[in-house]
Number of protein chains: 2
Amino acid sequence: MRALAAILGVGCTKVGEHWERSLLDLAVEACLKALEEAGNPRVRALYVGNAASELLNEQGNLSALLADALALEGVKAVEVRAGDASGSLALHQACLDASLGRDEAVLVCGVEKMTDVMAPEVARVQMLFEDARSTFHSGITVPGLCALLTSLYMDLYGADYEDIVLMAVNDHKNATNNPYAQYPFPITVEAVLNSPLVADPVRLFDTAGIGDGAAALVLGAPEGAKEASDAPVAVLASEVATDKVNLCEREELLGLRSLGLAARRALDRAGVGIEELDFFELHNTTSILGVLSLEALGLAEPGGGVELLREGEVAIGARCPVNTMGGLKGRGHPWGATGVYQAVEAAWQLRGEAGKNQVEGAELGLISNMCGLGSVSCVHVLARWEVAR
Amino acid sequence: MRALAAILGVGCTKVGEHWERSLLDLAVEACLKALEEAGNPRVRALYVGNAASELLNEQGNLSALLADALALEGVKAVEVRAGDASGSLALHQACLDASLGRDEAVLVCGVEKMTDVMAPEVARVQMLFEDARSTFHSGITVPGLCALLTSLYMDLYGADYEDIVLMAVNDHKNATNNPYAQYPFPITVEAVLNSPLVADPVRLFDTAGIGDGAAALVLGAPEGAKEASDAPVAVLASEVATDKVNLCEREELLGLRSLGLAARRALDRAGVGIEELDFFELHNTTSILGVLSLEALGLAEPGGGVELLREGEVAIGARCPVNTMGGLKGRGHPWGATGVYQAVEAAWQLRGEAGKNQVEGAELGLISNMCGLGSVSCVHVLARWEVAR
């Protein structure tokens, strides 16, 4: 269980509608927090994850702009792109870079500002991560695609929609104690079922909202991590896998193959079994993706994910706590930032700083971030430093 | 001079107006050529460089789409973004990955399809790589910014425009023998001066055109490169640096600081002096950026770049051959592909396969690729394999 990289500091903004602040303002806030936590080390590389700033904010070239805004003169800076998996992909590249083991730190920032355009434009941009040839021009949306998967799941396994949305209910419950969450209040199954229909059967409260946010991490090489930080967190594995973008061409519509592949590679690299993990930060743009993630990870058989929800096994304190700080539905889902938020929250858990949502004795956590409906998946396994060595 | 990675195969499409082919068609052609040259190795990672496919082609998520189109099932795939430096940034990340030294190959593809939209939209999108706050909303274009630098250079150093555009004339001369070049014909200084004015004093024939193209490389770890390929090419160094995006905030307007920094780091890493290099592939969106590159690299004093041009020192066979296969003006400049084209062409030189444009006994080459006017610069030093060991 040798660490690939060490997390030396974390930071994030509250997810919300930040009308009065720019994309760069948010990124700078998150980065300065993370840098301060890490003791303001010298930074030799900056990785930025963002999904669509040219379209949402009329601004590209974020890596150079952020380097400049942080006064990191001349620093190497790279932007990484994979729709709403951009944050974890940036983290992946940063881990590779940090693992090369030089002295200075590597800074990672995931950022998205989605409220500068109207909601229909957000829906249009989101579809650009799908296959334009097959899907975009048909007029369907990502929640529409999720609705098809939800219907198929219900038909195939005889599942009830009110059980599937327990994923969203769990998110909101955990978000209640997260000061950075966009929706820090509980919801009931009834509230979900009574919320407006987005794409039959998917309801509004079953769908991640539109929000602005930024999250950041400072990484270092494993060597010297203990000197550089009081409480480093170990990245044990960082793996990426892809699947067919066009849903219609997938052999297994409900299989989330890329997630299964990335998770298997990550667990192999980390040398841990899925049953050893203490919590899971999953990618639930709508509840069905969370349910299918439980199954792709092997926490449940195909069709059994909904059982775990019904039996309360995803709650903090139960067998496999999920989205402990609110997940995509509760904390919010600023696309390119989400993967980095997940890592920030996992670091809180592993440092014992998750407050009322602390998973008792958490030593190992898995985070998974996807582009769209799993065309790209990125999985990280993180650990308390003492466990990693 | 230990190699960071080995180039095992290269491929590219002709740069041009590919009306009948899609972005992915071009990328697939380039990748299949590179993979075939490398003996179709098992690929463990794909890196894609692209500047603006969402805006130019209504399609994002290129890494997953290309992985699928190449039947690289489940492969790790990552897209890297930095305007017209995206190709070399993708190469940088791929080199880091390849240097981790596992068996399978790493594939890099730079691709851009710019002719799916009208030219004014291309000019608008190009401005998104600049700082929106200071520049985009003023209505100026990138050639306009280049015109300001050209005027400043002429004023400051008493240089003549007809000497500056010798950079474009040199490009076209070299492109004549490149079957993949967009403009494979010679031009004269008179032709440049008689071409339409784009932004005073910059003329049309002094400006890189709008084109479609893709280029690809197969990389492997240095260990085993000689077994994997008859003629591997060594990547000795790969370095990235940034500068202020907003030109007005730079201390030295004509200094291309990011290029100077990246080049110095790269030469240090490679352990070679600038005078040992046999050729240079430079980033000349307009001629002035090529002239300033000569100076930032230390091949000439500030103000002296134009001397090198006038004395014919940038020609093949002279002291410092530049843009040996046509550069941005002659070969063409499909933004996200350019940095990979430069590496493909450098590999041809170092393998002795540059035909009529062969630089006699070429052993070491430097390529530099920039975003916009140098907000990001990426420099690679490549070498004949025998020289690297």
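## Close-up views of a two-chain model

**Figure 1. Glu29(B) and Lys33(B) meet in a salt bridge, their closest N and O atoms being 3.0 Å apart.** Everything shown in these figures comes from a predicted model. Both residues of this pair belong to helix 1 of chain B, which covers residues 23-37. Glu29(B) and Lys33(B) sit 4 residues apart, about one turn of the helix. Are these two residues buried, exposed or partly exposed? Glu29(B) has a relative accessibility of 21%, so it counts as partly exposed. Lys33(B), at 29%, counts as partly exposed too.

**Figure 2. A salt bridge joins Asp97(B) to Lys76(B), with 2.6 Å between the closest N and O atoms.** Here the partners come from two elements of chain B: Asp97(B) lies in helix 4 and Lys76(B) in strand 3, so the pair ties together parts that are 21 residues apart in sequence. Take a look at the surroundings as well. Asp97(B) counts as buried, at 1% relative accessibility, and Lys76(B) counts as buried at 6%.

**Figure 3. In chain A, the side chains of Arg133(A) and Asp131(A) form a salt bridge of 2.9 Å, N to O.** Over all chains, the count of salt bridges comes to 52.

**Figure 4. Strand 4 of chain B, residues 105-113, is largely enclosed by the rest of the structure.** Why can we say so? The reason is that 9 of the 9 residues of this strand are buried. Follow the side chains along strand 4 of chain B: Ala105(B), Leu107(B), Cys109(B), Val111(B) and Lys113(B) point one way, while Val106(B), Val108(B), Gly110(B) and Glu112(B) point the other way. Strand 4 of chain B also has partner strands. It runs parallel to strand 2 of chain B (residues 43-49), and 6 bridges join the two. In this pairing, Leu46(B) has Leu107(B) as its bridge partner. With strand 7 of chain B (residues 212-220), strand 4 of chain B pairs in the antiparallel sense over 8 bridges. There, the bridge partner of Lys113(B) is Asp212(B).

**Figure 5. Gln126(B) is found in helix 5 of chain B, residues 119-127.** Its relative accessible area is 11%, so Gln126(B) is buried. Which residues does Gln126(B) contact, leaving aside its neighbours within four places in sequence? They are Val142(B), Pro143(B), Thr285(B) and Trp335(B).

**Figure 6. Phe279(B), in strand 9 of chain B (residues 279-281), is buried, with a relative accessible area of 0%.** Setting aside neighbours within four places in sequence, the contacts of Phe279(B) include Pro321(B), Thr324(B), Ala346(B), Leu350(B), Val359(B) and Leu366(B).

**Figure 7. Chain B and chain A bury about 4,100 Å² between them.** Of this area, 50% is on carbon and sulfur atoms. Glu58(B), Asn61(B) and Arg81(B) supply 14% of the area that chain B buries against chain A, more than any other three residues. In the interface, 51 residues of chain B are in contact with 51 residues of chain A. There are 28 residue pairs in polar contact between the chains. On the side of chain B that touches chain A, 25 residues are nonpolar, 10 polar and 16 charged.

**Figure 8. Salt bridges and paired strands link the two chains.** How many salt bridges cross the interface of chain B and chain A? The rule finds 8. One of them joins Glu58(B) to Arg124(A), with the closest N and O atoms 3.6 Å apart. Several elements of chain B each supply at least two residues to the side that touches chain A, among them helix 2 (53-57), strand 3 (76-81) and helix 11 (257-270). Strand 3 of chain A (residues 76-81) runs antiparallel to strand 3 of chain B, and 3 bridges join them. The bridge partner of Arg81(A) in strand 3 of chain B is Glu79(B). Finally, look for the network of salt bridges that links Glu54(A), Glu79(A), Arg81(A), Glu54(B), Glu79(B) and Arg81(B).

Conventions: Residues are numbered from 1 along each chain as its sequence is written. Chains are lettered from A and ligands numbered from 1 in the order in which they are written. This is a predicted model: local features need pLDDT of at least 70, side-chain atom pairs count only at pLDDT 80 or more; totals for chains, interfaces and linings use all residues. Side-chain values use heavy atoms; hydrogens and water are left out. Buried means under 20% relative accessible area, exposed over 50%, partly exposed in between (1.4 Å probe, protein chains only). Two strands pair if DSSP finds at least two bridges between them. Contact means heavy atoms within 4.5 Å. Buried area is the accessible area (1.4 Å probe) that two parts lose on being put together, summed over both. A salt bridge is a side-chain nitrogen of Lys or Arg within 4 Å of a carboxyl oxygen of Asp or Glu. A polar contact is a pair of N or O atoms within 3.5 Å; within protein, one must be able to donate a hydrogen and the other to accept it, and residues adjacent in sequence count only if both atoms are side-chain atoms. Ala, Val, Leu, Ile, Met, Phe, Trp, Tyr, Cys and Pro count as nonpolar, Asp, Glu, Lys and Arg as charged, and the others, Gly among them, as polar.
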